Amino acid sequence: MDGSGMPETRSTCPYCGVGCGVLLRPDGQGGLTVRGDPDHPANMGRLCSKGAALGETVGLEERLLTPQINGAKASWDHALDLVAKTFRTTIASHGPDSVGFYVSGQLLTEDYYVANKLMKGFIGSANIDTNSRLCMASTVAGQKRAFGTDTVPGTYEDLDEADLVVLVGSNLAWCHPVLYQRVLAAREARGTRIAVIDPRRTASCDAADLHLALEPGSDVALFNHLLTRIHECGALDRTYLAHVEGFDDAVTAAFADDVSVTGLDRQDIAEFCDLWVGTDKVVTVFSQGVNQSSSGTDKVNAILNCHLAMGRIGRLGSGPFSVTGQPNAMGGREVGGLANMLACHLDLESAEHRATVQEFWNAPSLPDAPGLKAVEMFRAVAQGGIKALWIIHTNPVVSMPDADAVRKAIGACDFTVISDITAQTDTARCADVVLPATGWAEKTGTVTNSDRTISRQRAVLAAPGQARHDWAILADVGRRMGWPEAFDYDNPAEIFREYAALSGRAAQMGRDFDISGLRDLDDRAYDGLDPVRWPVGAAHHSGRFFTHGGFFHANGKARMLPLRWRPPAARVTARYPFRLNTGRIRDQWHTMTRTGLAARLSAHLAEPYVDLHPTDAAALGVGRADLVALESPQGKAILRARITDAQKPGQLFAPIHWTGETAPSGRIDAVVADVTDPVSGQPESKAAMVAARQFAAEWYGFAVSTRPVHPRAAYWARARTQRGWRLELADTHKVADWEAEARRLFDLPDAGIQSIKDTARGSVRLAFHQHGRLSAALFVSRTPVAVMRDYLCVMTGGPAPDILTGRPPADRPDPGPTLCACLSVGVNTVLRAIETDGLMSVDEIGQALGAGTNCGACKPELGALLATVPAREAAE
C-alpha cells in the first residue's frame, strides 16, 4: 500500500525493453495512479516520462469494444467463425504458406506462445513474424552466429560496475532513460567514462567523454580497426581465445578494412581505441543504430569480435549488451515468434529440434524451413501469395518501410484480421475483421526485458466492453479450426507451465533458454511470481553466461567472423542527395496509440519534424519553423524544420511516430526503402536516400479546439492538450472564405465568432465561443504562425475574451513549451528561475523546479538553456 492506504499491484511498464516495475492503484473510476516500483531490479523506483504518464493512457474514448466485420458490429461467435473458416478454407485451397501472422512485442509471452504454436505447430507454416524484426533481428542473427544461440550475456548490473560504457547507435538518454541514469550514477560513483558512437549528436552525448560522429553505416570499419589495435597492442586474452574459433580469419579481414570510411579524425579514432583497450571493464551498449542496417548483423559481430578477442564477456562490468525497444521483444524471441525460430531457442532447421517440439505439442507437422520475414511477408501479400493475414497489436501501415506499398498490399489482401485495442489506426482501417483485445493493465502474463529478467504484468482494470485476451482469442480460433485439445487453455498460468516444461526439453538438448524450474508453479504461485532472470532450470547455473566459454555451437566454442565494411544499400545521388536517419524521440513511442493519449507527452514535441544542418537549410532556403518536403523513390513526407548542428551536413533525422491519424504527411516510413540485411532480414531504417526542398506554403495555421478535427490540408498535425486538441496546418492553395472554412473544420456552424483580419499581411484570427466559453480558435498567416501555443492550449473550454492576441496577459506568466514532460515544466519557467533566482547548474534547477529529477532525459536541454543565459545577457 502507498500513503493513501489503497492497495497497489505490482506490474511492468509496457513501453521499452528496460522492463521497469510499476505499482498500480485503480481510482475506482476506470483510472490509475502509477509510480515506479522501488523493489524491481530493473528500475529501482525510477520511471521515464512515458512510464510516469501511464495513468493518463487508460481512457476508453478510442477503444474498440466489440468485434467488427467490414466496419459493422458483430458477435464474437460470428467474427471468430469467419476467421477460422476463412483461414481453414484458404489453407485447404492454397496450402499453409498462403496465410500469415504478423505479431508484436506488445504481446505477453503467453499470447506469443499460443500464436507461435498455432501457426508453426498446427497450421504448419513458419509464416509468423513480428515487428521485433524491425527492432533487434540483427542482434539475434549476430549472437547466433557468434554464440550458437540468441544469448544476451549482459545484465544491468554490468552498467553499474563498468569503467567504460560505449553507446553504439543508441540514444540511451532518450530511448532508455532509466538505464542512462544508471550509467550516470556509475560515473558519479566510480568515474565510469562514456563514449558515444553515433552519426548525430544526441542527448546521450551531453555526458560523454568522447563522441565519434562516424559516417552512417561505417561501424564495421571502426570495430575492425579496434580489433587490429587490440592485436597490435598485445591485448589479446589468449586464455579466453581457447574458447573461440575464427580468430585468424577475423583479424586478417580486419586488417584489410579501411577505417577512413568512417570519416573520423585519426586522433579521435586513436583516443577511442586506447580508451577501449586500456580500460579493464568495458560494456558496449548497442541498439537500433546498429541493428537497423543492411549490414546490421555484421555490425553486431564486429562488436562481439572485439569482446571475444579480449575475453571481455561473462564478467561483471564487461560485455556486449543489446538493449531492446519493446517490452517483450525478448519474450517473443524466446517463444519463437520470429519466422526463422522455434520456441525456447530451438532451431527450426534442425530435424531433431523439430521432432522434439512436434512430439511435445502433439502437432500434426512442423515446417522444415524458415517462413517469410516481415518485409518478405508484406511483399507476398502484395503479390497475392499470402491470401489471409492476421495482424496483432502493431501498425505496419505506419512502421514498415515503403509504408505506402504496405498499405496498398494490406488493402488488397483477400482477408485481413486485426487484433488491437483500437480501430483508429492506419492498419485497422484496412481490415476486414477487427477484434477488440485487452490492453495493458487489463491483461495478465509475463514479459522478458533486455537482461533476461522475466516480470509479471498484472490486470488491475476490468476488460472494457467485449474485449478479450489475445491468448484466448488465438486459442478459440485454434479450437474452431479443428484442434480443441491443443488449445484447451483456461488461463495464462496454464500456458506458462507448458512453455516452461518445453524449455526443459530444450535445455536437455543443450540450449541456453531454460525456465523449467518454474514449470510446477500453481496458479497462486504464478500470480505472485517475483522478477526472475533466466536460466531458472534444474541444472545449477550462475546466471552469467560465457565466463569460462561454454558456448552453444556444437564444439562449445564461440565464433569470430571475418567481416568487411559495406556501404548502406541506398546510395545518395544528385537527385536524392541526403541521407535520412529515422528513430524515436523522448516522450513518444511507436505510433502513439498509447502515448498519444497523454497530453503532456505531446507538449514537448507536438508535430513531426526533420533535423537538418544550418548549411543545408541555407542552401535549401529553409528558415526556422518552415516546412520541408522530403521525397524518395518510395514516397513523400512533409515535416517541420529544426535547424541544428547536431546533424552533419548532408544528413537528416526524422522521428517515426506520426501516423495518418495524427499527421498524414509525417508518416516517415513512406520514404524509407524496404532494403534489408541479407542475414537478419531487418530493414535499413537509418540510411534512406531522399531529396529535400522547402515546402512553399500559401498559408500556415495554428488551431486549438475542444474536439478532434479532420483538416483538408497538405500538411496537418494533431496532438492532444489538457483541454482538447492543438493543430498545425499549411497548404499551397488559397482559401477564399476563412470563416466558412473554419466553421467546417471545427463543425461549429452556429457558434459566436470573434475575428481579426489583415488582408494586406494575409493574417486571419478567428475564435468561436459557445455559452461564453472558447470552443476553438484559428490563427492563419503567410509565414509560420507566431503565437504562444502553450498558453492557447489551456484556454479552450473556458472564457477567453482576449484569445486573439495570441499571448497571455501581463499578469499571467507563460510557462512556454514543455521541457520536462515528467513534471510539466516549461522552458520559460526554467529561464525565469535561472535569471531571477540565479540558478547556476542543472542540479540547482532540479532542486528549485523538479525538472530533470525523475528520468533525467531533459537534463541535456536544461544544460543547453543554462548555456544560453550568458549569451542572452551579453546580447543585452
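Reply: Happy to. Buried means under 20% relative accessible area, exposed means over 50%, and partly exposed covers what lies in between. Keep in mind that this is a predicted model.

Me: Why is Arg145 called partly exposed?

Reply: Arg145 has a relative accessible area of 22%.

Me: What makes Asp298 buried?

Reply: The relative accessible area of Asp298 is 10%. The cut-off for buried is under 20%, so Asp298 counts as buried.

Me: How do you know that Asp298 forms a salt bridge with Arg145?

Reply: The closest N and O atoms of Asp298 and Arg145 are 2.8 Å apart. A salt bridge needs a side-chain nitrogen of Lys or Arg within 4 Å of a carboxyl oxygen of Asp or Glu, so the pair of Asp298 and Arg145 qualifies. Asp298 lies in helix 12 (residues 296–309) and Arg145 in helix 4 (residues 137–147), so the pair ties together parts that are 153 residues apart in sequence.

Me: Why are helix 4 and helix 12 called oblique?

Reply: They pack at an angle of about 45°, with their axes 8 Å apart. Roughly parallel would need an angle under 35 degrees, and roughly perpendicular starts at 65, so helix 4 and helix 12 are oblique to each other. Their crossing is right-handed.

Me: Which residues of helix 4 and helix 12 meet?

Reply: From helix 4, they are Ser138, Thr139, Ala141, Gly142, Gln143, Arg145, Ala146 and Phe147. Their partners in helix 12 are Gly296, Thr297, Asp298, Val300, Asn301 and Leu304. Sorted by class, this contact has five nonpolar, seven polar and two charged residues.

Me: What makes helix 4 mostly covered?

Reply: Nine of its eleven residues are buried. Among them are Ala137, Val140, Gly142 and Phe147. The elements covering the buried residues of helix 4 include helix 12, strand 12 (282–286), helix 11 (288–291) and helix 13 (329–335). Just after helix 4, Gly148 takes a positive phi of about 95°.

Me: What makes Arg497 and Asp523 a salt bridge?

Reply: Their closest N and O atoms are 2.9 Å apart, and within 4 Å is what the rule asks. Arg497 lies in helix 19 (residues 492–508) and Asp523 in helix 20 (residues 523–527), so the pair links parts that are 26 residues apart in sequence. Arg497 is partly exposed at 22%, and Asp523 is partly exposed at 39%.

Me: How many salt bridges does the rule give?

Reply: The count comes to 52 salt bridges. There is also a network of salt bridges that links Asp77, Asp81, Arg468, Asp476, Arg479 and Arg480.

Me: Why are helix 3 and helix 19 called roughly perpendicular?

Reply: The axes of helix 3 (residues 109–123) and helix 19 cross at roughly 65° and come within 9 Å. The roughly perpendicular class runs from 65 to 115 degrees, so helix 3 and helix 19 fall in it. The crossing of helix 3 and helix 19 is left-handed.

Me: And what makes helix 15 oblique to helix 17?

Reply: The axes of helix 15 (residues 374–383) and helix 17 (residues 403–412) cross at roughly 50° and come within 8 Å. That angle makes helix 15 oblique to helix 17. Phe378, Val381 and Ala382 of helix 15 make the contact with Val406, Ala409 and Ile410 of helix 17. These residues divide into six nonpolar, no polar and no charged.

Notes:
Residues are numbered from 1 along each chain as its sequence is written. This is a predicted model: local features need pLDDT of at least 70, side-chain atom pairs count only at pLDDT 80 or more; totals for chains, interfaces and linings use all residues. Side-chain values use heavy atoms; hydrogens and water are left out. Helices (H or I, at least four residues) and strands (E, at least two) are DSSP runs, numbered from the N terminus. Buried means under 20% relative accessible area, exposed over 50%, partly exposed in between (1.4 Å probe, protein chains only). Contact means heavy atoms within 4.5 Å. Axes are lines fitted to C-alpha atoms, for helices over the stretch in contact, and angles run from 0 to 180 degrees between N-to-C directions. Angles under 35 degrees count as roughly parallel, over 145 as roughly antiparallel, 65 to 115 as roughly perpendicular and the rest as oblique. Ala, Val, Leu, Ile, Met, Phe, Trp, Tyr, Cys and Pro count as nonpolar, Asp, Glu, Lys and Arg as charged, and the others, Gly among them, as polar. A crossing is left-handed if the near helix is turned anticlockwise from the far one by less than a right angle, and right-handed if clockwise.
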